[in-house]
Amino acid sequence: MNFIFKEAFTAFMVLFAVIDVIGNIPIIIDLRKKAGHIQSEKAAIIAGIIMIIFLFLGQSLLKLIGIDVHSFAVAGAFILFFIALEMILGITLYKDNEDDVNAITASVFPLAFPLIAGPGSLTTLLSLRAEFHLENIIVAVLANVLLIYFVLKTSSKIERIIGPNGIQIIRKIFGVILLAISVKLFAANIKVLFI
């Protein structure tokens with residue numbers, strides 16, 4: 001057992017920053033309005049399972065289908081870019097049939113994947129695997145899953161405290177931050193693809 005608290009805490013903070021569950025509160029509130037209800041436990045557990053499976057099998061799966069980590073990260077940058085545009089401009093690029101949005105589908109897609117366990121967090125897991133012991137990363141993932149569950153469960157209370165104007169302001173601010181993260185992720189990985 002190679003459990004080191006400092007490693008686990010560092011991995012937790014890196015994942016927390018990439019998942020950005022606090023910044024996703026406006027999106028979670030929108031999904032809750034469309035679906036009527038979000039299954040917080042299901043979303044958190046599915047996101048956790050996806051991340052842990054990817055931690056063990058991610059690189060092998062990508063190699064199997066002929067995709068390298070950098071191509072995966074560039075694809076993730078595009079997804080983040082379009083989500084950021086939606087947040088900043090107040091437009092909807094991803095159209096889903098409103099009648100089909102229900103608690104089960106919203107909890108799995110787009111909440112658990114790709115919002116929580118998305119290309120950014122999955123790519124980060126592969127990077128952490130190269131630096132830290134496996135058990136420390138697993139502890140970091142589980143701690144993030146608990147935090148995600150808490151935020152999902154209390155998102156309606158957070159909405160009441162912040163109010164609709166506060167939500168719009170947070171949405172625009174985090175949209176710009178997400179846009180910057182997507183550009184950074186794209187720039188860092190596109191260079192490697194052309195070397």
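**Close-up views of a predicted model**

**View 1. Salt bridge between Lys153 and Glu41****.** Lys153 pairs with Glu41 in a salt bridge whose closest N and O atoms are 3.3 Å apart (a side-chain nitrogen of Lys or Arg within 4 Å of a carboxyl oxygen of Asp or Glu). Because Lys153 lies in helix H7 and Glu41 in helix H3, the pair ties together parts 112 residues apart in sequence. Helices are DSSP runs (H or I, at least four residues), numbered from the N terminus. The structure holds one salt bridge. Lys153 is partly exposed at 42% relative accessibility, and Glu41 is partly exposed at 36%; buried means under 20% relative accessible area, exposed over 50%, and partly exposed in between (1.4 Å probe, protein chains only).

The model is predicted: local features need pLDDT of at least 70, side-chain atom pairs count only at pLDDT 80 or more, and totals for chains, interfaces and linings use all residues. Residues are numbered from 1 along each chain as its sequence is written, and side-chain values use heavy atoms, leaving out hydrogens and water.

**View 2. The largest nonpolar core****.** This core has 48 residues (buried Ala, Val, Leu, Ile, Met, Phe, Trp, Tyr and Cys joined through side-chain atoms within 4.5 Å). Met51, Leu111, Ile116 and Leu125 have the most contacts inside the core. Helix H7 (134-193) is among the helices supplying at least two core residues each, and H7 gives the most, with 11 residues.

**View 3. Surroundings of Met51****.** Leaving aside residues up to four places away in sequence, Met51 touches Ile19, Ile116, Ala117, Ser121, Leu122, Leu125, Val141 and Val145 (contact: heavy atoms within 4.5 Å).
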